[in-house]
Amino acid sequence: MSEHLTLLDVIERSTEYLNKKGVTNSKCDVEWIISYITQMIKLELYLEYENFLDEEDLKKIRRCIIDRGKRIPLQHILGKVNFAGNEIFCDKRALIPRPETEYFTELIKERISSKYSGKILDLGTGSGAIIITLCMEYKNCEGYGMDKSINALSLAKENIKLHNLKNIKLQKFDWTSDKLNSSYGVIVSNPPYLTNDEWNCAEKEVKVFDPKDSLVSKENGLSDIYHVINHAKKNLAKKGLLALEIGIGQKNNILQNMSGAFSEIELIKDLCKRERFIFAYKK
C-alpha cells in the first residue's frame, strides 16, 4: 500500500485482495480492520472516504489484511469480539463466540426472572461469553463456568477480569468423568455437536483456528450433549431451566434422551430458521 492512498482506495484494494483469497464478507472485514486501526466508526469511513491515511496506519492495516488473507479469523486479528454488547477477548484458546450463541443468551434471559439470584452453571464455558453476559445481567446470581480446557479457562479468567465481575467462579471439569457436587437453578451449555463430516466441510478459519474438541463430538455429534443432559438430570434443581444449543437434525434423538426428566420442552429456531436451541424445565 502507498502512503498516498485514500480511505476509499484502501477499502477497494483490500476488498479485492481478500476476495481473491476466498474470504467471505471481505468488504465487511476490511471495514472492521480499518475501523479498528484508525479508531473511526464504520460510518465515518465513508463520510471521510477521500481523506488520506497516514503511513503508520497503512502499515498496520496492510499487516492485518495479509493475515486475513491467510484466513486467520477476523476476531483473532482484532483480538476481541462484541458479544451481546460487551467486549470479549478471543484467540486460539477457545471457540470464537458466534452470533447464534449471542442470540442464545437473549433467549435464556427471556426465560429467567429479572430478579433471579440463584446459581447459573455454564458447562463448556470456553471464552466465558455466555456466563459473563448472564452474570452482568443478573448481578446477584452465582455464576459457575466449567471447562475441561485449562487454556479456555485462562481466557475466560481474562474476560471476567476485563469486566470486573466478582460473581463468577471458574472450575476445570470434564463432563465425561467428573461429577457435579451442587444443585443449580439454571444450567446452560453450547457443547460440541458437529460430526466429523461437518468438520471436514468447514471453512479454513474454523478447521485451523478453532479448537476441534470444542466443536466435534462422537455419536454423530450427540455424545457431549448427552453428557450435559445427564448432569442436568442429576444436578438441576426442580423446575430449574436447562438451555442447550444443538446441531442440525439432532432434535429427535435429544428429545428422546430428555423424555421423562423434563417438561415444557421448547425447540427454538435460530435467526436463519434452523432448529438450534432447546429449553426445558426439570420435573
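Buried means under 20% relative accessible area and exposed means over 50%, with partly exposed in between. The model in these views is a predicted one.

View 1. Glu142 has its place in strand S4. Because its relative accessibility is 38%, Glu142 counts as partly exposed. When residues up to four places away in sequence are not counted, Glu142 touches Gly118, Lys119, Ile120 and Asn167. One of these, Asn167, is 25 residues apart from Glu142 along the chain, and the C-alpha atoms of the two are separated by 5.4 Å.

View 2. Because its relative accessibility is 9%, Asp29 counts as buried. Leaving aside the neighbours within four places in sequence, the residues in contact with Asp29 are Val23, Thr24, Arg68 and Leu74.

**View 3. Helix H2 and the elements that cover its buried residues.** Helix H2 has 13 residues and reaches 18 Å from its first C-alpha to its last, which is close to the 18 Å expected at 1.5 Å a residue. Its buried residues are Ser26, Asp29, Val30, Glu31, Ile33, Ile34, Ser35, Ile37 and Thr38. Just after H2, the residue Gln39 takes a positive phi of about 60°.

View 4. Helix H1, made up of residues 7-20, has 14 residues and reaches 20 Å from its first C-alpha to its last, close to the 20 Å expected at 1.5 Å a residue. The buried residues of H1 are Leu7, Val10, Ile11, Ser14, Thr15 and Leu18. These residues lie on the same side of H1 because they cover an arc of only 120° around the axis. They pack against helix H2 (26-38), helix H3 (42-47) and helix H4 (55-69). The face of H1 turned away from the buried side carries the exposed residues Arg13 and Lys20. Just after H1, the residue Gly22 takes a positive phi of about 80°.

View 5. Helix H8, made up of residues 150-162, has 13 residues and reaches 18 Å from its first C-alpha to its last, close to the 18 Å expected at 1.5 Å a residue. Its buried residues are Ala152, Leu153, Leu155, Ala156, Asn159 and Ile160. Seen down the axis of H8, these buried residues fall within an arc of 160°, and therefore they line one face of the helix. The buried residues of H8 pack against strand S2 (86-89), helix H7, strand S4 (142-147) and strand S5 (168-172). On the face turned away from this buried side, H8 carries the exposed residues Ile150, Lys157 and Lys161.

**View 6. The crossing of helices H6 and H7.** The axes of helix H6 (residues 99-110) and helix H7 (residues 129-137) come within 10 Å and cross at roughly 35°, and the crossing in which H6 passes H7 is right-handed. From H6, the residues Thr101, Phe104, Thr105, Ile108 and Lys109 meet Ile130, Thr133, Leu134 and Glu137 in H7. The residues of this contact divide into four nonpolar, three polar and two charged.

Technical notes
Residues are numbered from 1 along each chain as its sequence is written. This is a predicted model: local features need pLDDT of at least 70, side-chain atom pairs count only at pLDDT 80 or more; totals for chains, interfaces and linings use all residues. Side-chain values use heavy atoms; hydrogens and water are left out. Axes are lines fitted to C-alpha atoms, for helices over the stretch in contact, and angles run from 0 to 180 degrees between N-to-C directions. Helices (H or I, at least four residues) and strands (E, at least two) are DSSP runs, numbered from the N terminus. A crossing is left-handed if the near helix is turned anticlockwise from the far one by less than a right angle, and right-handed if clockwise. Contact means heavy atoms within 4.5 Å. Ala, Val, Leu, Ile, Met, Phe, Trp, Tyr, Cys and Pro count as nonpolar, Asp, Glu, Lys and Arg as charged, and the others, Gly among them, as polar. The expected span of a helix is 1.5 Å times one less than its number of residues. Buried means under 20% relative accessible area, exposed over 50%, partly exposed in between (1.4 Å probe, protein chains only). The arc is that of the directions from the helix axis to the C-beta atoms.
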